[in-house]
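Welcome! Let us take a friendly walk through a protein model, one feature at a time.

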Amino acid sequence: MTILHDLAAGVRAGNIRALAKAITLVESRNLDHSLAATTLLDDLLPDTGNAIRIGISGVPGAGKSTFIEAFGLYLTAQGHKVAVLAVDPSSQRSGGSILGDKTRMEELSRDPKAFIRPSPAGDTLGGVARKTRETMLICEAAGFDVIIVETVGVGQSEITVASMVDFFLLLQLPNAGDELQGIKRGVMEIADAILVNKAEGENRPRADLARQQCANALHMTAPKSANWQVPVLLCSALHSEGIAEVWQTVEAFRAAMQQGGEFVAKRALQNSDWMWTLLMDDLKETFLRHPKVEALLPQLQESVAAGVTTPGAAARRLMEVFRRS
């Protein structure tokens, strides 16, 4: 307990070594480490929740890394402490997250007021998201007041990231086209702002057109909140143009949500949903690790695949075995 108490004190003091140790503890799959991580998080919980949590996603080639570096450097110059985390469900297959090579954000990674952490490789998106959520809390306890969560994968990862942040930013390219680069309507609907990046030089007219197309598309979706109209912004991350406007938008969003009571309500709902997610994950793991279920499952799965047993009958048989023990 003393070791955990000292570790928590080090995190609160903003000690980078203590921060790294705490995150490593959270990321560990060792059961004893998981229990210790839970105790540590309970200790640090009163010191969390003071940061603005920003999720960032975008189509391939939209310049997420360039934007995050320019945005992060702008924020640290304003006196903020910035932590950049990644949710990468493909890391297990690709051998590492896109943020694993910090040379992509070389200047920001050297900034003493910034911290960059790639997501751990995980078997599932939920597993990666679990570690990212807990890492976010540790970073908040360490005094980081802006947490940026980047989604590296596509599809469901955007929804997952949106469920753990206050503000979700969607990056677009300046050549949207009629199909808006294949962006799904669901992703458009979760965005709190859309940013057309690379709006420089000969790209500027195309960027203006893309902004108009995005704005038109937003008119066809139901508003997320009566207190906020989703804006479409332009920027050139490469030339650090339009970065200040993005931060002003984030601050305006936070003010509007706080005034309307939605900011606190959203976080409360996220915490409640996350509790149920963790509970269901733990119940599933407990079920699958049960010796009798573990022994019977391959046989039943083979029978279901061969069409000998119905999925419903197999599920009931497994539940009966689990309940009888």
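Which residues of α4 are buried? Keep in mind that this is a predicted model. In α4, the buried residues are K64, S65, F67, I68, E69, A70, F71, G72, L75 and T76. That is 10 of the 14 residues in this helix, so α4 is mostly covered. To find the helix yourself, look at residues 64–77. Just beyond the helix comes G79, with a positive phi of about 100°.

Now turn to a partner of this helix. The axis of α4 comes within 10 Å of the axis of α11, which covers residues 243–259, and the two cross at roughly 75°. An angle from 65 to 115 degrees counts as roughly perpendicular, and α4 and α11 are therefore roughly perpendicular to each other. On the α4 side, the contact is made by F67, A70, F71, Y74 and L75. On the α11 side, I243, A244, V246 and W247 take part. What classes of residue meet in the contact of α4 with α11? There are 9 nonpolar residues, with no polar and no charged ones.

F67, F71 and W247 form one aromatic cluster. In total, the structure holds 6 aromatic pairs. One of them joins W228 and F253 in an edge-to-face arrangement, with 5.3 Å from centre to centre and 85° between the planes. W228 sits in the loop between α10 (204–218) and β7 (232–234), while F253 belongs to helix α11, so the pair ties together parts that are 25 residues apart in sequence. Are these two residues buried or exposed? Both W228 and F253 are buried.

Next, let us look at some backbone angles. Most residues other than glycine have a negative phi. Against that background, K198 is worth a look: its phi is near 65°, a positive value in a residue that is not glycine. K198 lies in the loop between β6 (193–196) and α10, and its relative accessibility of 30% means that it counts as partly exposed. S240 also has a positive phi, of about 55°, without being a glycine. This serine is found in the loop between β7 and α11. With 49% relative accessibility, S240 counts as partly exposed, because the exposed class begins over 50%.

Two more stops complete the tour. E134 is part of helix α7, residues 125–141. Its relative accessibility is 14%, so E134 counts as buried, since the cut-off for that class is under 20%. Setting aside neighbours within four places in sequence, E134 is in contact with V26 and L41. Where does R17 belong? R17 is in helix α2, residues 16–27. At 64% relative accessibility, R17 counts as exposed.

Conventions
Residues numbered from 1 in each chain as written. Predicted model: local features only at pLDDT ≥ 70, side-chain atom pairs only at ≥ 80, totals over all residues. Heavy atoms only, no water. Axes fitted to C-alpha atoms, helices over the stretch in contact; angles between N-to-C directions. Helix = DSSP H or I, 4+ residues; strand = E, 2+ residues; numbered from the N terminus. Parallel < 35°, antiparallel > 145°, perpendicular 65-115°, else oblique. Contact = heavy atoms within 4.5 Å. Nonpolar A, V, L, I, M, F, W, Y, C, P; charged D, E, K, R; others polar. Buried < 20%, exposed > 50% of the residue type's maximum accessible area, 1.4 Å probe, protein only. Phe/Tyr/Trp six-rings, centres within 6.5 Å; stacked < 30°, edge-to-face > 60°.
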